[in-house]
Structure formats: structure tokens, C-alpha cells
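This report is written for a reader new to the structure below. Please look through the sequence and the model before reading on.

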Amino acid sequence: MHSVIMNRYGLIKHVCSLLVGAGAVWNVSAATYYVDNAAGSDTAAGTSTNSPWQHCPGDTAATGTAAGTKFAPGDTVVFHGGVRYDVASNATIYATSSGSAGSPITYLSGHLASPQWGSSPAVINGTNMSSSARGAVDLSGYSYLTANGLVFVGCSSAASPYSSGIGGHWNSGGNVSILNCSVSNSTACGIYIMGNYSSSAPSTFVISNCLVQTIGAHGILCRYGMTNMQIINNVITNCGLNTNANLTGDCIGVFGLDGTGLNANLVIRSNELADAHIKSPMIFEIYDVGAVVEQNYIHGGFGFSGFDLNGVHTNLTIRNNVWDMQALNYWGPITFDTDAGTVYADGIYIYNNTVRTTIQSGNQGMVVYFGRGNNTATTAFWHVALTNNILIQSTAGSPVIVVAANTAGTGPIVDAATFGCDNNVYAWTNIANPFLWRGTNYTFAEWQAVASADAHSLTNMPAFVSSTDLHLSDGDTVARGNGANFYSLFTTDKDGNTRPSIGPWDIGAYVDVVALGARPASPTGLHFVSASP
């Protein structure tokens with residue numbers, strides 16, 4: 001894994017530079033237009049840096065040539081880098097047309113253009129955006145669109161709890177990418193993507209290499225049905241700040257629809273999530289098939305849980321993640337079913353995670369929880385695999401794993417016949433019975449018997465590189481070489497290092513890099529670096 005360096009504008013510096021080439025490969029026959037909100041004129045041609053428009057076509061405040069221009073596939077509109085675009089009172093920049101496969105319409109910051117137009121990101125100020133808009137830039141209804149390198153500040157609508165810096169609503173279509181953008185100081189959401197409520201789902205949305213911080217509600221909110229959603233390599237922090245209970249939010253919120261075909265192939269990978277003051281780093285409240293949550297770094301304080309799973313799920317994979325967090329109010333890092341309602345899952349695969357948690361004083365929490373929010377279900381979870389994980393409970397008297405009793409009280413809420421739990425490393429503090437099965441507390445040896453679990457697991461604290469670096473120490477003998485080999489399922493660790501194809505694996509999110517010849521430059525994965533204002 002590599003480190004993320006924030007430049008003075010709050011953007012992810014090195015990944016922006018990596019993606020400039022992708023953003024600059026334009027259709028040679030397509031047009032490039034230019035916008036300078038401070039010095040442009042809507043009566044200008046808009047086709048060069050010497051004759052830019054003041055407003056972007058699609059802005060409800062645009063006039064003249066700018067108002068009459070519609071983009072075609074492959075077109076790019078470049079916003080002058082370093083210049084603030086003030087969205088006018090009760091106005092919004094709306095998409096007006098679709099691109100096509102291989103020729104998207106691109107909204108580009110000038111500092112990423114070729115040739116460069118301005119040396120810093122273009123800023124979109126949405127303080128006065130339209131009350132009906134889902135974003136200061138609203139892409140609703142159009143497909144094959146890309147936003148690249150833009151900074152959004154102050155974007156929210158008093159009339160809409162789901163407004164954002166950039167977002168939209170799609171009944172069909174899709175193929176939308178939001179890359180290298182920054183959203184901050186929104187009283188509602190950061191980035192908002194809304195699918196179709198009642199029929200076929202739009203497809204292929206990518207949010208990558210973005211910084212989302214200081215957000216009133218959800219950092220990234222994906223709502224209603226969609227397929228092939230990818231949230232990759234973003235930094236999302238300080239979310240859920242709004243004290244209005246209807247507006248508080250998670251770093252990543254995925255809310256779906258009652259229909260198993262409408263939410264599929266969700267990928268949440270290599271993100272850094274920190275500090276959701278009232279809610280969680282992630283919440284899934286959907287009917288979902290085939291979601292993968294991997295290689296994320298989750299730290300700081302969270303009001304509810306680390307991973308809040310609700311809804312109906314098939315084949316959910318959680319692997320190679322690091323949780324190093326404090327639960328402020330309720331549950332712990334990996335929490336299944338915290339709310340009453342329809343909740344069940346067939347296929348939950350939790351592999352090679354490193355989890356260390358502290359529960360705030362006065363609250364009873366756990367590391368992994370299978371609960372009974374669905375009050376009508378005798379069994380809610382089938383085919384559970386909890387393997388190769390390091391699970392550390394740092395709070396005295398709090399349990400490690402809790403499996404609730406089913407509604408009838410006749411067994412656990414998980415299907416005991418398909419509950420697999422082994423090759424884990426556990427550590428806890430001042431509690432004699434840290435495992436609960438059917439709501440009864442057990443010692444580790446008793447847990448092994450009643451749950452038919454953890455025959456090859458260990459109960460010692462692994463040795464880490466340091467108190468803040470959860471890579472395994474070179475001298476560790478607890479987690480190194482004691483895991484099951486899942487090379488047929490996945491081949492890398494959190495840092496992207498290749499795991500052995502044969503022989504035992506290291507337990508936890510990180511492979512022993514000494515055996516691979518080098519230790520990663522950034523041992524804790526993504527991290528923040530202070531920058532000058």
C-alpha cells in the first residue's frame with residue numbers, strides 16, 4: 001500500500017498525477033470548451049482560454065452562447081484552475097447530454113488539462129445552489145460522464161437532505177466516473193448517487209481517488225438500485241456532523257431496494273475512513289448480490305459500529321481490511337443486523353482482517369456481532385466463514401464475538417451447520433467468558449465446543465511493528481504462518497503484496513513482508529499528512 005499525500009488544496013496529490021493521462025486521452029474530433037467564472041463572458045466563443053465562458057453550459061444562470069451550447073460525445077469542458085466558480089443563487093450546473101462508450105463528456109479542472117490551464121484545482125462553490133438540485137453539479141439522467149479534479153465547497157441545499165457537491169439520479173444508463181475530486185463543508189452529503197427506485201438498475205458508477213471531509217450527512221451516499229458500483233481509493237473523514245437526526249450519516253452509505261436483482265457487484269476497496277460521529281464508517285441497507293469490501297483502513301471514532309449490515313445479502317466478502325477504531329455509543333467494528341427489520345444473508349465471508357477496537361466507557365460492545373434485528377426469523381445467517389482474522393478487544397469486560405439466540409430461543413441466529421470459524425487470533429481484556437453463543441457467555445474452550453469452532457485458532461496477542469502500525473512484527477510467532485490458505489479465492493494482502501500460493505498464510509490483513517523481501521513504505525496504509533492552508 002502506498003501513502004496518500006495531501007497537497008495544499010486538500011486533494012490526493014500523487015493519485016491525481018497518475019490519472020491525468022487517462023483524463024487527457026480525448027477524442028481528437030471532439031471539442032474542448034473553457035469556463036472562467038471570474039473573467040469569462042457567456043457571449044464569448046468558449047473555445048479557447050482567450051475566450052472562455054463565464055458559466056458552464058447547463059448552468060441555469062448561463063446566457064448567450066453558453067446557454068445555447070450542448071455537449072457532444074467526447075467533448076470536454078475545462079474549468080480554469082485556481083478560479084472559484086460561484087454557483088448563482090438558486091442555480092445549478094446540470095448535465096445536458098450524454099457521451100458514449102469510449103467518448104465520455106468530461107468536466108475537467110484546468111490543472112489536469114493538457115495544456116494546463118491554471119496550476120491548482122478549479123473550485124465549485126455551491127453555497128447558493130438550487131434547492132431542487134442533487135449537487136452543485138447535477139449529472140442526473142445522462143450517461144458516459146466524467147468529472148475530474150474539481151473541488152466542491154459549501155455544497156448543500158436547505159430543502160434537500162440528499163444534496164451534495166456532485167451527484168445525480170438515474171433511471172437507467174450510467175457509466176459515470178467521479179475522479180480526483182474533493183468535497184468539503186457540506187451540511188448534507190458529499191457525493192450522492194441515486195439509482196432507480198422500482199425497475200431495472202443503472203450500471204457502472206466509479207468514485208475514485210476523491211477526498212470527502214467535514215460533511216453533515218453521508219460522505220458518499222449510494223441510494224436505491226444500481227449495479228457495478230465501485231468506491232475505490234478515497235479518503236472519507238469527519239462525517240455525520242449535522243445534529244439533525246434525519247441528516248446524520250456514515251462515511252459510506254449504501255441504501256438499496258427490495259429487489260434482489262437491483263443491487264449487484266458493489267466494490268468498496270482501498271479507502272481510508274475516519275470519524276463518523278453519530279453513525280458508522282459503512283452501512284449496507286440493501287438487497288445485494290456479490291459485494292466485496294477489501295483493503296480498507298478504518299480508524300478514529302464512530303458512533304454506531306464499524307460495519308453496519310442490514311437488508312438481504314448474498315455472497316458478501318469482507319477481507320484484508322484494518323479496523324483500528326473506537327466505538328463511541330453502541331456496537332463494534334463488524335456488526336450484522338443492528339436495526340429491526342428484514343435482515344438475512346446467505347454467504348458472509350470474512351477473511352484476513354485485522355481488527356482492534358475500544359468501546360467508550362459505559363457502553364457494552366463487541367468485535368463481531370450477529371444479532372436478531374429481524375424479529376420474525378428463526379435463522380438469519382447461512383454459510384458464514386470467519387477465518388484468518390486478528391480480533392482484539394481492548395476494552396476490559398467486553399466480549400469478542402457475540403452470536404445472538406434465534407427468535408424461538410431454540411438455537412443461534414446463525415445456521416450452526418454452515419457456521420465456519422477457524423484459524424483466527426483472539427485477544428481480550430479482563431473478561432473470563434469473551435464469547436457468546438445463543439446469548440450465553442462462554443470461555444474460549446467452551447466456545448470451541450458449543451459452536452464447533454476455532455479448532456486451530458489462538459488466544460495470544462500478536463506482535464505488531466508498533467502500537468500504531470498493525471503490520472506483524474518480524475518476530476511474531478502467533479499470527480505468522482498459522483492461517484488457512486485461500487489462494488484460490490484471492491491472492492494479495494491489504495498492501496497488494498502477493499500471498500503464498502502454497503503452504504499456510506499469515507493471519508490478519510498483512511502478509512509477512514520480510515519473506516517477500518521488503519517492507520512497504522507506508523506501514524499503516526493510507527494516512528493523512530498535514531498541509532499548509
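## The model

This is a predicted model, in which local features need pLDDT of at least 70 and side-chain atom pairs count only at pLDDT 80 or more, while totals for chains, interfaces and linings use all residues. Residues are numbered from 1 along each chain as its sequence is written, and side-chain values use heavy atoms, with hydrogens and water left out.

## The open sheet

Strands here are DSSP runs of E with at least two residues, numbered from the N terminus; two of them pair if DSSP finds at least two bridges between them. Strands of a sheet pair through backbone hydrogen bonds, in either a parallel or an antiparallel sense.

An open sheet of 12 strands shows parallel pairing, in the order S3-S6-S9-S12-S15-S18-S22-S25-S27-S30-S33-S36. Its edge strands, S3 (84–86) and S36 (425–427), each pair on one side only. From one strand to the next the twist averages 10°, with axes taken as lines fitted to C-alpha atoms and angles running from 0 to 180 degrees between N-to-C directions. Within this order, strand S15 (residues 211–215) and S18 are joined in parallel by 3 bridges. Gln-213 has Thr-237 in S18 as its bridge partner.

## Strand S2 and its partners

Strand S2 (residues 76–79) pairs in the parallel sense with strand S1 (residues 32–35) over 4 bridges, and Tyr-34 stands opposite Val-78. S2 also runs parallel to strand S5 (residues 105–109), again through 4 bridges. There, Val-78 stands opposite Leu-108.

In a regular strand the side chains alternate between the two faces of the sheet. Both faces of S2 are covered: Thr-76 and Val-78 are buried on one side, and Val-77 and Phe-79 are buried on the other. Buried means under 20% relative accessible area, exposed means over 50%, and partly exposed lies in between (1.4 Å probe, protein chains only).

Val-235 belongs to strand S18 (residues 235–239). Val-235 has a relative accessible area of 0% and is therefore buried. Leu-273 is 38 residues from Val-235 in sequence, with 6.2 Å between their C-alpha atoms.

Phe-302 is in strand S25 (residues 297–302). Phe-302 is also buried, because its relative accessible area is 0%.

## Cavities

A cavity is a set of points, on a 1 Å grid over the protein atoms alone, where a 1.4 Å probe fits but cannot get out; its lining residues have an atom within 4 Å of a point. Grid points are joined across faces, edges and corners, and a volume is the space filled by probe spheres set on the points. The search of the whole structure finds 2 cavities of 30 Å³ or more. For the linings, Ala, Val, Leu, Ile, Met, Phe, Trp, Tyr, Cys and Pro count as nonpolar, Asp, Glu, Lys and Arg as charged, and the others, Gly among them, as polar.

The largest cavity has a volume of about 70 Å³. Its lining has 7 nonpolar, 2 polar and 1 charged residues, including Cys-222, Val-254 and Asp-288. Strands S17 (226–232), S20 (263–264) and S23 (282–289) each supply at least two residues of this lining. The second largest cavity holds about 40 Å³. Its lining divides into 5 nonpolar, 2 polar and 2 charged residues; among them are Val-35, Phe-79, His-80 and Arg-84.

Terms used: 1 Å grid on protein atoms, 1.4 Å probe; cavity = no way out; pocket = protein on both sides within 12 Å on 5 of 7 lines; lining within 4 Å.
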